Amino acid sequence: MPRPSQLLHPQREPAPLRSAATVLLLRDTPAGIEVLMTRRSTTASFAPGAYVFPGGGIDAADAAAHAQATRRPTQSDEHLTQAIAAIRESFEELGVLIAHSADGTPVDAASVAALDRHAPLLPQCAARGLTLAAADVYVLAHWITDRDLPRRFDVPFLVARMPAGQTPVADETEQFEPVWVRPADALARHEAGEFFIIFPTIRTLQRLAAYTTVDEVLAACAGEQPLWASCPRAGLLGGKDARYMEHESPFGELELVTPDGQLLHPLDWQSEQPVALLKNLQRLTAPNPGFMTGPGTNSYLVGDPRTGYIAIDPGPADPIHVERLWRAAGGQIRFIVCTHSHPDHSPGARPLQALCDERPPILGLPSQPTARAASEFTPDQPLQDGQFLRLAAPTPDGGEITHTLRAIHTPGHAANHLCLLLEEDGLLFSGDHILNGSTTVVDPPDGEMTAYLESLDRLDAACAQHEVRFILPAHGYVLGDARGVIAQLKAHRLAREAKVLAVMRADPDGSMDDWVAKAYDDVPPRVWPVAKRSLLAHVERIQAMQPGND
């Protein structure tokens, strides 16, 4: 993890969490599932005026009421308490009660109407022989409020079928205007500015829209674990708040730069100014966006004004980008490192070196004979596997500040590819071996799939040894959960390979064009010409593993 001394913003403690529960009441219609939503008071302290699902805080009485509720054999104590709280809240806010009469039948509307919504529910149920139907309430999701917000909740989103014969009536104090709405319609109305909903509600409705019946939803939740869990993070996009779940591409960068949830980090891609990620880390993105480069090639500066800087991947030979990189370092560049020799990574090295008074050495691995002509590269000095590059300077207290990069040879995407590990802060610079938003092309003969997979294993081992949390790719935002990303990437490659093998067996006389259309049928056809390069790498690996091929 990054050293606290290198964080850009002062550390702070996010607001404490309060336990709560909310429930999505669902019903089937000829047009599909509808969910019951209601508008919060415009004076509410949390999400005023937003349309929400009924719910609220979990009380101590909810945990003490297990004997008054039905329960699935697999339903935990925690989930039972949450279900009781959600049932109580839906009654208090909307007059909807998920319960059974003494004879085991669902409670009818007349029995519900006889209850006082302003008095404690549980004693009334006990007096009338009603049992809360908590066994009919399932866990859909688990949300924790974003770290930047002043009021935060730890809340399961539960689901249940709307009881037959009951009509929701808002309490007109906390909730107003109950409405049945299809998830897709709620989202469309929100986009049109007619139906205000907050981030967790949006994401929940997006996923709920994939189901066609209430039974499908309840069956999906039968495993007793939330289908997803999230504590979103927020940044600035176009000057406005933008929120992201863990699987979305900006999440890792927000975790690195604003770990305590400060709403400060801009996420707009631009090439004019360097973006500070830590006190000792800047990113400047080259103005070469495109299909293969995404928002552009990321050049990184590691170091500070006291130690000087190491420039990683100076990018294409774009004079403006190279000068911006030089100026961001104040001209104090001690080393220039190229992760590999592709034309969007290394050509800027010589022009950058020429700008520097002390002509820092250009380091990396020389291109191999298998490289394409545009990727020919000869460094001033080759970087050995495991070699260290160290920046150091004294501190006012008599100590020393250091920034140490270790080279890790990672052939696969290119024969001369290497990654760099910033040891003091546990950061991995992955070049093109690991990207954010896409998988890298493995293009034979310079690219080789077995080498690529083995390099992933090397990177995973390095991340485990040095407790690396973040990966800084040459294209895209910073990635969090480094080892999880590597595991998912390897699993994806092996799953693709299994698909390629199945296609080859089913159509042994097929051409590469035939195979790519079937093995990559999950990507748009416009991607197939590029995908054919990685397909060839898979085919060569499969053929090399056949018996008799040593």
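Which exposed residues does the face of α9 turned away from its buried side carry? They are Pro319, Ile320 and Arg327. Before you click on them, a word on ground rules. This is a predicted model, so to speak: local features need pLDDT of at least 70, side-chain atom pairs count only at pLDDT 80 or more, and totals for chains, interfaces and linings use all residues. Residues are numbered from 1 along each chain as its sequence is written, and side-chain values use heavy atoms, with hydrogens and water left out.

**Stop 1: helix α9**

Select residues 319-328, which make up α9. Helices here are DSSP runs of H or I with at least four residues, strands are runs of E with at least two, and both are numbered from the N terminus. Now colour His321, Val322, Leu325 and Ala328, which are buried in α9. Buried means under 20% relative accessible area, exposed over 50% and partly exposed in between, using a 1.4 Å probe and protein chains only. Why do these four sit on the same side of α9? Because they cover an arc of only 125° around the axis, the arc being that of the directions from the helix axis to the C-beta atoms. The buried residues of α9 pack against β14, β15, β16 and α10.

Look at the two ends next. Asp318 caps the N-terminal end, with a side-chain oxygen 3.0 Å from the backbone nitrogen of Ile320. Following α9 comes Gly330, which has a positive phi near 60°.

**Stop 2: the sheet under the helix**

Bring in β14 (281-285), β15 (298-304), β16 and β17: α9 lies across them, running at about 165° to β14. For that angle, axes are lines fitted to C-alpha atoms (for helices, over the stretch in contact), and angles run from 0 to 180 degrees between N-to-C directions. These strands belong to an open sheet of seven with mixed pairing, in the order β13-β14-β15-β16-β17-β18-β19. Its edge strands, β13 (275-278) and β19 (381-382), each pair on one side only. Two strands pair if DSSP finds at least two bridges between them. Zoom in on β16 (residues 308-312) and β17, which pair in the parallel sense over four bridges; there, Ile310 stands opposite Phe335 in β17.

**Stop 3: His340**

Move on to the loop between β17 (333-337) and α10 (349-355), where you'll find His340. Buried or exposed? His340 is buried, with a relative accessible area of 0%. Show its surroundings: leaving out residues up to four places away in sequence, His340 touches Asp313, His345, Ser346, His413, Ala414, Asn416, His417 and Asp432. Contact here means heavy atoms within 4.5 Å. With Asp432, the His340 side chain makes a side-chain polar contact at 3.3 Å. A polar contact is a pair of N or O atoms within 3.5 Å; within protein, one must be able to donate a hydrogen and the other to accept it, and residues adjacent in sequence count only if both atoms are side-chain atoms.

**Stop 4: β8 and its partners**

Jump to β8 (152-161), where eight of 10 residues are buried. On one pairing, β1 joins β8 in the parallel sense over eight bridges, and Leu26 stands opposite Arg161. Strand β7 (residues 138-144) pairs with β8 in the antiparallel sense over six bridges, with Ala141 opposite Phe157.

**Stop 5: the nonpolar cores**

Now show Leu25, Leu97 and Leu132, which touch the most other members of the largest nonpolar core, a set of 35 residues. A nonpolar core is a set of buried Ala, Val, Leu, Ile, Met, Phe, Trp, Tyr and Cys residues joined through side-chain atoms within 4.5 Å. Helix α2 (77-94) is among the elements supplying at least two residues, and α2 gives the most, with eight. Contacts of Leu132 include Ile84, Ile87, Leu97 and Leu121. Apart from this core lies another, of 31 residues, among them Leu26, Val35, Ile202 and Trp228.

**Last stop: Asp171**

Finish in the loop between β8 and β9 (175-181), at Asp171. Asp171 counts as buried, at 17% relative accessibility. Its side chain reaches the backbone nitrogen of Thr173 at 3.0 Å, and beyond its sequence neighbours up to four places away, Asp171 touches Glu92, Glu93 and Arg117.
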